[in-house]
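Subject: Structure for your review

Dear colleague,

Please find below the structure that I am handing over to you. My notes on what was found in it follow directly after.

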Amino acid sequence: MKKSIPKKIHIIGSVGSGKTTLAKEISSKLDIPYYELDNVVWIRKKSGDIRRTEEEREEYLNRIIQSENWIIEGVHNEDWVSNCFHSADLIIFLDTKYSTRTYRIIKRFLKQKLRLEKSNYKPTLEIFFKMFKWDRYFEEVGKVNFFNKYGTHNDKIEVINNTNSIKKYFNYHENSLL
């Protein structure tokens with residue numbers, strides 16, 4: 001019996017784990033729109049970001065979740081995103097090495113400062129240093145919280161440690177799905 005291609009995919013991982021890159025790749029391959037949870041939290045304006053109210057954030061996320069297909073990526077695993085995990089056909093947990101994430105954070109910051117890479121935020125030194133703090137927090141607290149809260153969905157969670165793992169996963173499913 002063939003499995004169906006997932007139409008609702010949630011990608012979670014720490015800062016620099018590869019969430020956005022993976023979301024873009026899968027979005028392109030499967031022709032499914034992707035959304036960044038940071039852009040659900042923030043209204044992006046040239047004059048500066050404005051944080052949505054909890055009600056606005058919840059309403060926006062629920063509109064996305066109720067659509068036919070989506071890829072949602074982000075570091076968040078608080079209660080406000082629980083419907084997203086419950087509604088997903090597939091949850092990809094990116095568990096890349098700490099050293100890889102550190103390298104990517106530094107590389108991203110330099111590329112953004114040199115205007116070689118677009119950013120949703122102003123790449124300041126303050127944000128740069130916060131990324132390391134957020135990364136460590138996710139490693140020590142966020143990962144544990146995720147599996148404590150959503151481990152019951154282990155039938156649809158794929159823990160991915162590197163790029164080759166995700167390619168193998170999708171190549172396997174493409175061959176068995178088509």
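Of the contacts in the chain with a separation of 6 or more, 72% are between residues 24 or more positions apart; contact here means heavy atoms within 4.5 Å. Please note that this is a predicted model, in which local features need pLDDT of at least 70 and side-chain atom pairs count only at pLDDT 80 or more, while totals for chains, interfaces and linings use all residues. Residues are numbered from 1 along each chain as its sequence is written, and side-chain values use heavy atoms, with hydrogens and water left out.

Overall form

The chain has seven helices and seven strands, in the order β-α-β-α-β-β-α-β-α-β-α-α-β-α along the sequence. Both kinds of element are DSSP runs numbered from the N terminus: helices are H or I with at least four residues, and strands are E with at least two. A compact globule of 178 residues would have a radius of gyration near 16 Å, and the chain agrees with this because its own value is 16 Å. That radius is taken over C-alpha atoms, and the globule rule is 2.2 Å times the number of residues to the power 0.38. Along its principal axes, the C-alpha trace spans about 50 × 35 × 30 Å.

Surface and charge

Buried residues make up 39% of the 178 residues, where buried means under 20% relative accessible area, exposed over 50%, and partly exposed in between (1.4 Å probe, protein chains only). The accessible surface of the chain comes to about 10900 Å², and carbon and sulfur atoms contribute 51% of that area. These areas come from the Shrake-Rupley method with a 1.4 Å probe; for residues, only the protein chains shown count as cover. There are 32 positive and 24 negative side chains, and the centres of the two sets lie 7 Å apart. Lys and Arg count as positive and Asp and Glu as negative, with His and the chain ends not counted; each charge is placed at NZ of Lys, CZ of Arg, CG of Asp or CD of Glu.

Individual residues

R101 lies in helix α5, residues 98-113. With a relative accessible area of 2%, R101 is buried. Leaving aside residues up to four places away in sequence, R101 touches S14, V15, G16, S17, T96, D135 and E139.

S82 belongs to helix α4, residues 82-87, and is likewise buried, at 18%. A polar atom of the S82 side chain lies 2.9 Å from the backbone oxygen of D79.

R52 is found in the loop between β4 (50-51) and α3 (54-65). Not counting residues up to four places away in sequence, R52 touches N39, V40, V41, W42, I43, R57 and Y60. A polar atom of its side chain lies 2.7 Å from the backbone oxygen of V40. R52 and Y98 are 46 residues apart in sequence and 31 Å apart in space, C-alpha to C-alpha.

Two loop residues deserve a separate note. Most residues other than glycine have a negative phi. D31, in the loop between α1 (19-30) and β2 (34-36), has a positive phi near 55° and is exposed, with a relative accessible area of 67%. R115, in the loop between α5 and α6 (125-150), has a positive phi near 60° and is exposed at 76%.

Yours sincerely

Key
A polar contact is a pair of N or O atoms within 3.5 Å; within protein, one must be able to donate a hydrogen and the other to accept it, and residues adjacent in sequence count only if both atoms are side-chain atoms.
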